Amino acid sequence: STWFTRHAETHMSTMTADTLGNVSANVLADGIVVRLSGSLDVASLPDLRATLLGSRPDGCDDVLVDAGHVTEVHERALAVLVAAAQWTAQTGGRLQFAAMSAPLIETAGYFDVTDLLPRLPGPGGRTDAVAGPVKAAR
């Protein structure tokens with residue numbers, strides 16, 4: 001069973017939302033936007049795995065993660081984020097973080113995995129300038 005439904009639209013990016021606690025995913029025509037918020041603890045692991053390590057619809061190669069509202073990260077949840085970036089690349093896609101909260105950045109730094117969490121370039125192409133939540137385009 002899949003965790004999303006796909007709506008075929010030619011020119012519009014129609015999305016369907018599936019909210020799973022602190023993890024939500026919007027499937028667009030060409031990618032998936034994943035929003036993470038609150039505490040990514042052991043209880044959030046099943047939702048994280050299902051959302052980030054599940055199969056993507058054909059043509060949905062880009063996975064954009066907004067983790068700007070994450071308040072704390074358990075080490076096992078961090079491991080899922082790292083695995084998701086690697087798995088997405090191995091399956092022909094690209095996962096990038098559009099926003100990372102201070103707690104996520106600090107936890108990734110503590111475990112020395114910051115470089116394994118690819119980030120969108122910020123202003124001037126500096127990846128360290130990315131901060132805050134992503135605003136949904138309409």
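Visitor: Which residues of helix 1 are buried, and within what arc do they fall when seen down the helix axis?
Guide: In this predicted model, the buried residues of helix 1 are L45, L48, T51 and L52. Viewed down the axis of helix 1, these buried residues line one face of the helix, because they fall within an arc of 140°.

Visitor: In what order do the helices and strands run from the N terminus on?
Guide: The protein chain holds 3 helices and 5 strands. Of its 138 residues, 41% count as buried, and among contacts between residues at least 6 apart in sequence, 67% join residues at least 24 apart. Read from the N terminus on, the elements run β-β-β-α-β-α-β-α.

Visitor: Which element gives the most residues to the largest nonpolar core?
Guide: The largest nonpolar core has 30 residues, and those with the most contacts inside it are V34, L36, L52, V65, L81 and F97. Two or more residues come from each of strand 2 (23-27), strand 3 (31-40), helix 1 (45-52), strand 4 (62-73), helix 2 (75-90), strand 5 (94-100) and helix 3 (102-110). The element that gives the most, with 7 residues, is helix 2.

Visitor: Which residues are in contact with L36, leaving aside its neighbours within four places in sequence?
Guide: L36 is one of the residues with the most contacts inside the largest nonpolar core. Leaving aside neighbours within four places in sequence, the residues in contact with L36 are N22, V23, L48, V65, D66, A67, H69, V70 and L81.

Visitor: Against which elements do the buried residues of helix 2 pack?
Guide: Helix 2 has 16 residues and reaches 23 Å from its first C-alpha to its last, which is close to the 22 Å expected at 1.5 Å a residue. Its buried residues are A77, L78, V80, L81, V82, A84, A85 and T88. Those buried residues pack against strand 3, helix 1, strand 4, strand 5 and helix 3.

Visitor: Which residue just after helix 2 takes a positive phi?
Guide: Helix 2 covers residues 75-90. Just after helix 2, a positive phi of about 85° is taken by G92.

Visitor: How far apart in space are V82 and L116, C-alpha to C-alpha?
Guide: V82 has its place in helix 2 and counts as buried, because its relative accessibility is 11% and the limit for that class is under 20%. Not counting residues up to four places away in sequence, V82 touches V113, L116 and L117. Although V82 and L116 are 34 residues apart in sequence, their C-alpha to C-alpha distance in space is 6.0 Å.

Visitor: Is T88 buried or exposed, and which residues is it in contact with beyond four places in sequence?
Guide: T88 is found in helix 2, and its relative accessible area of 1% makes it buried. Leaving aside neighbours within four places in sequence, the residues in contact with T88 are R56, D61, V63, G93, R94 and L95.

Visitor: How many residues apart are R35 and D66, whose side chains meet in a salt bridge?
Guide: Side chains of opposite charge can pair when their charged atoms come close. The R35 and D66 side chains meet in a salt bridge at 3.2 Å, N to O, in which R35 is partly exposed at 23% relative accessibility, whereas D66 is buried at 4%. The pair links distant parts of the chain, R35 in strand 3 and D66 in strand 4, and the separation in residues is 31.

Visitor: Which strands hold R94 and D62, whose side chains also meet in a salt bridge?
Guide: The count comes to 2 salt bridges, and the one between the side chains of R94 and D62 has an N to O distance of 3.2 Å. R94 counts as partly exposed at 46% relative accessibility, and D62 is likewise partly exposed, at 31%. The two residues are 32 apart and link distant parts of the chain, with R94 in strand 5 and D62 in strand 4.

Technical notes:
Residues are numbered from 1 along each chain as its sequence is written. This is a predicted model: local features need pLDDT of at least 70, side-chain atom pairs count only at pLDDT 80 or more; totals for chains, interfaces and linings use all residues. Side-chain values use heavy atoms; hydrogens and water are left out. A nonpolar core is a set of buried Ala, Val, Leu, Ile, Met, Phe, Trp, Tyr and Cys residues joined through side-chain atoms within 4.5 Å. Buried means under 20% relative accessible area, exposed over 50%, partly exposed in between (1.4 Å probe, protein chains only). Helices (H or I, at least four residues) and strands (E, at least two) are DSSP runs, numbered from the N terminus. Contact means heavy atoms within 4.5 Å. A salt bridge is a side-chain nitrogen of Lys or Arg within 4 Å of a carboxyl oxygen of Asp or Glu. The expected span of a helix is 1.5 Å times one less than its number of residues. The arc is that of the directions from the helix axis to the C-beta atoms.
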